[in-house]
Amino acid sequence: MAIRLFIDGAAGTTGLEIRERLQGRSEFDLIVLDDARRKDEGARRDALHAADIAILCLPDDAAKEAVKLAEGSDTRIIDASSAHRVAEGWTYGFPELVGHDKVANARFVSNPGCYPTGFLALVAPLVQDGLLPADWPYTVNAVSGYSGGGNALIERFEQFENLEGHPGIAFRAYGLQLGHKHLPEMQAYAGLTYAPVFSPAVVPTFRGMLVDVPLPLEAMPGAGRPEQLADHLTAFYQGSKSVVVVETRYSEMILRQDVEGGDGMTLHVYANSDGTQARLVAHLDNLGKGASGAAIQNLNIMCGLPETTGLRL
Ligand SMILES: NC(=O)C1=CN([C@@H]2O[C@H](COP(=O)(O)OP(=O)(O)OC[C@H]3O[C@@H](n4cnc5c(N)ncnc54)[C@H](OP(=O)(O)O)[C@@H]3O)[C@@H](O)[C@H]2O)C=CC1
Ligand SMILES: CC(=O)N[C@@H](CCC(=O)OP(=O)(O)O)C(=O)O
């Protein structure tokens with residue numbers, strides 16, 4: 001029998017990308033609420049109770065509300081929002097880090113944030129195995145495509161900022177008040193003493209992101225050499241279906257406009273010639289491994305299905 005699946009927030013950016021990835025998947029029977037009912041509390045409650053699995057693609061408050069609406073059912077939930085990422089009773093949906101079995105057996109799975117996906121993929125395995133110190137004040141510089149901000153930011157970049165005669169945005173630094181909502185998960189799942197200092201930015205492309213962690217290795221107590229970091233990450237992700245450590249032959253990394261989506265993530269270890277400094281960089285699609293691709297990967301694992309999402313890596 002097909003698995004009944006409800007996407008709460010199916011009309012949003014993440015929801016639409018999830019639906020796209022589910023096309024042709026006969027294992028799933030999708031419960032769809034039409035436009036008139038998609039925000040109706042009663043209709044959502046019914047759908048949440050009728051589903052075997054629900055994926056929440058909602059703002060945080062609406063995601064919390066959805067979990068309440070599902071009370072009394074045994075529906076399993078994958079939450080794409082940041083509402084439950086460090087919450088008790090929730091499994092962090094990063095199977096490569098927490099273990100596939102934990103995700104497979106969980107009732108409540110919280111999808112990682114897009115930036116933490118890159119940061120944690122780079123830093124968590126190295127801290128866990130003592131190649132980077134846990135008590136270092138890390139910094140993270142990142143750029144994202146504007147779809148990372150959902151419908152509101154898409155509208156801003158595609159409509160308001162592109163009016164004729166209006167100078168469009170070339171680069172948008174934000175998070176300037178610090179305290180970005182991704183910090184708790186970055187700190188918790190990398191096992192860090194201090195929350196990183198995080199500098200996110202948006203560039204005028206729809207999707208894609210680079211997450212860059214600069215490391216002054218010579219000053220970091222107990223840190224490994226760059227080649228040890230690269231070897232360790234390569235071994236850690238050996239056999240992964242979506243995370244690949246790439247040899248760093250290039251002197252630049254480029255995000256292109258109008259690229260197709262993808263569900264993989266590449267990791268890069270750059271270093272100076274004497275190995276005293278390094279930059280760990282993750283390249284991913286914020287809507288792929290950073291959101292919808294990760295949700296499908298978790299869905300597949302929770303259903304005992306092959307974990308690949310069907311979209312190119
Ligand atoms: N975009 C990305 O790259 C990533 C997004 N996420 C997270 O995924 C979640 C969804 O984000 P995203 O898809 O980008 O956001 P969007 O704003 O594009 O979509 C959110 C959707 O939720 C709907 N919605 C809002 N309130 C309710 C409600 N009470 N009941 C039912 N539907 C509601 C909205 O409808 P309407 O527009 O009519 O208000 C909209 O369709 C967020 O928590 C986001 O932080 C996580 C990782 C990456
Ligand atoms: C460009 C942009 O605005 N990005 C979002 C993060 C997108 C994401 O990862 O979503 P969650 O909100 O679910 O964590 C931000 O910085 O808030």
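The following legends describe close-up views of a predicted model.

View 1. The chain is divided into domain 1, which covers residues 3-111 and 292-302, and domain 2, which covers residues 114-286. Taken over C-alpha atoms, the centres of domain 1 and domain 2 are 25 Å apart. Domain 1 contributes 13 residues to the contact, and domain 2 contributes 18 residues. On the side of domain 1 that touches domain 2, the elements giving two or more residues are H1, H4 and H10. H10 provides the largest share of that side, 3 residues. By class, the side of domain 1 that touches domain 2 holds 5 nonpolar, 5 polar and 3 charged residues.

**View 2. The surroundings of ligand 1.** Ligand 1 lies between domain 1 and domain 2, because both domains give residues to the shell around it. The shell consists of 27 residues, of which the closest are Gly12, Thr14, Ser81, Gly150 and Ala291. Four helices each supply at least two residues of this shell: H1 (13-22), H3 (60-69), H7 (150-158) and H10 (288-302). The largest share, 3 residues, comes from H1. Sorted by class, the shell around ligand 1 has 14 polar, 9 nonpolar and 4 charged residues.

View 3. An open sheet with mixed pairing is formed by 7 strands, in the order S8-S9-S7-S10-S13-S12-S11. Its edge strands, each pairing on one side only, are S8 (172-173) and S11 (243-246). Helix H9, residues 226-236, packs on the sheet and touches S11, S12 (265-271) and S13 (278-284). The direction of H9 makes about 165° with that of S12. Within the sheet, S7 (residues 139-145) and S10 (residues 209-215) run antiparallel and are joined by 4 bridges. Ala142 stands opposite Val211 in S10.

**View 4. Strand S9 and its partners.** Strand S9 pairs with S7 in the parallel sense over 7 bridges. With S8, S9 pairs in the antiparallel sense over 2 bridges. Ala201 of S9 is the bridge partner of Val143, and Ala201 is also the bridge partner of Ala173. The covered face of S9 carries Phe198, Pro200 and Val202. The uncovered face of S9 carries Val197, Ser199, Ala201 and Val203.

View 5. Helix H8 spans residues 183-190, and its buried residues are Leu183, Glu185, Met186, Tyr189 and Ala190. An α-helix has 3.6 residues a turn, so residues three or four places apart point the same way. Just after H8, Gly191 adopts a positive phi of about 70°.

**View 6. Trp90 in its loop.** Trp90 is found in the loop between strand S4 (76-79) and S5. It has 18 C-beta neighbours inside 10 Å and therefore counts as partly exposed; a buried residue would need 20 or more. When neighbours within four places in sequence are left aside, Trp90 is in contact with His84, Phe108 and Ser110. Gly12 is 78 residues from Trp90 along the chain, and the C-alpha atoms of the two residues are separated by 23 Å.

Key: Residues numbered from 1 in each chain as written. Chains lettered and ligands numbered in written order. Predicted model: local features only at pLDDT ≥ 70, side-chain atom pairs only at ≥ 80, totals over all residues. Near = placed C-beta within 6 Å. Nonpolar A, V, L, I, M, F, W, Y, C, P; charged D, E, K, R; others polar. Domains from an automatic or database assignment. Buried ≥ 20, exposed ≤ 12 C-beta atoms within 10 Å, placed from the backbone. Pairing = 2+ DSSP bridges. Contact = placed C-beta atoms within 7 Å. Axes fitted to C-alpha atoms, helices over the stretch in contact; angles between N-to-C directions.
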